[in-house]
Amino acid sequence: MTRQLITAAENTWCPGCGNFSIQHMMKSALLELNREGLAFENVVLVAGIGCHGKLVDYLDINSFYAIHGRPIPVASGIKIANPDLHVICFSGDGDAYAEGLDHLLFVAKRNLDITVIVHNNRVYGLTTGQYTPTSPEGFKGRSTPRGTIEKPLNPLELVLASGGTYIARGYTKKLQQLKELFKQAIRHRGFSLVDVLQVCATYYDIHDYYDRHVYDLTDHDPGSYSQAWQKVREWDYNADAPIALGTFYQAALPTFEERLLRPGGGTIDRVEKIRRILSRAV
């Protein structure tokens with residue numbers, strides 16, 4: 001009997017919320033990876049605070065709630081403690097790109113083997129509509145009724161500059177592509193980021209805008225750093241430009257935990273490693 005992965009918890013997301021697509025495409029991705037040999041017991045989900053965070057209540061997988069802006073440090077600790085686990089970190093754009101931005105850049109710099117999925121609706125939905133680091137200039141919300149005067153961050157450009165080895169962008173109305181991006185990110189050995197464009201159906205519904213502007217990356221070599229630079233800069237989350245979807249960059253480089261725990265190569269003897277650490281501490 002196939003495990004269904006959806007829990008019986010009451011779902012409280014608003015009708016039309018992009019989180020539904022992320023939840024069900026992650027479920028489908030995990031089921032397909034399970035058929036390829038990925039054990040559910042070796043998967044851990046971590047979420048921050050925000051509407052996205054409820055996802056870990058709705059998927060029947062080991063999970064952990066972190067405080068706002070701190071899911072990446074928790075995910076990092078879990079991975080370093082047990083490198084055999086697949087750690088998937090869910091975060092909102094306010095969670096990851098504001099308070100948690102330094103954690104995002106440093107985990108990319110270290111190339112720690114975790115996957116970060118950012119639910120990027122470009123607004124603080126849970127707190128009723130304030131602007132976030134990826135809200136466009138002029139965005140009018142509860143905190144900026146006359147429109148924000150700041151330009152948004154381009155998170156893909158920041159993570160590429162910081163050393164991220166897998167960088168992709170999905171859209172919640174492109175379901176099959178989204179599922180494949182999740183699978184690629186989880187399979188990737190090293191730090192992976194999938195920035196998922198979604199709408200907040202209540203406070204910032206821009207489906208029509210995305211539908212007119214998104215396109216799939218074709219004739220693009222994700223192994224080319226220079227091509228990745230060109231494509232991540234094509235749309236800066238503010239200008240009225242084409243919005244590419246797909247894998248921008250992927251590189252095979254040693255991970256943080258390999259360099260930390262396997263400096264001489266070979267397999268990890270975790271018991272021996274812990275014994276050595278304790279012996280130095282006493």
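Predicted model: local features only at pLDDT ≥ 70, side-chain atom pairs only at ≥ 80, totals over all residues.
How many nonpolar, polar and charged residues are there in the lining of the largest pocket?

**View 1. A look into the largest pocket, with about 400 Å³ of space.** To settle the opening question, the lining has 12 nonpolar, 13 polar and 3 charged residues by class. That makes 28 lining residues, and the ones nearest the pocket's centre are G50, C51, N121, G125 and L126. Helix α4 (residues 93-99) supplies the largest share of the lining, with 3 residues.

**View 2. N19 and the residues around it in helix α1 (residues 19-35).** Is N19 buried or exposed? N19 counts as buried because its relative accessible area is 2%, and the cut-off for buried is under 20%. Its side chain has a polar contact of 2.7 Å with the side chain of H119, and another of 3.4 Å with the side chain of Q198. Setting aside neighbours within four places in sequence, N19 also touches W13, C51 and H52, among others.

**View 3. Inside the largest nonpolar core, a group of 47 residues.** In soluble globular proteins, nonpolar side chains tend to be buried together. Here, the members touching the most other members are L104, I114, V116, F191, L193 and Y210. Strand β8 (residues 243-250) gives the most to this core, 5 residues.

**View 4. Zooming in on L104 and its contacts.** Beyond its neighbours within four places in sequence, L104 is in contact with I72, A96, Y97, V159, F191 and L193. Elsewhere there is a second, separate core of 32 residues, including L33, L45, V56 and I88.

How values were computed
Residues numbered from 1 in each chain as written. Heavy atoms only, no water. Core = buried A, V, L, I, M, F, W, Y, C linked by side-chain atoms within 4.5 Å. Buried < 20%, exposed > 50% of the residue type's maximum accessible area, 1.4 Å probe, protein only. Helix = DSSP H or I, 4+ residues; strand = E, 2+ residues; numbered from the N terminus. Contact = heavy atoms within 4.5 Å. Polar contact = N/O pair within 3.5 Å; in protein donor to acceptor, adjacent residues only side chain to side chain. 1 Å grid on protein atoms, 1.4 Å probe; cavity = no way out; pocket = protein on both sides within 12 Å on 5 of 7 lines; lining within 4 Å. Points joined across faces, edges and corners; volume = space filled by probe spheres on them. Nonpolar A, V, L, I, M, F, W, Y, C, P; charged D, E, K, R; others polar.
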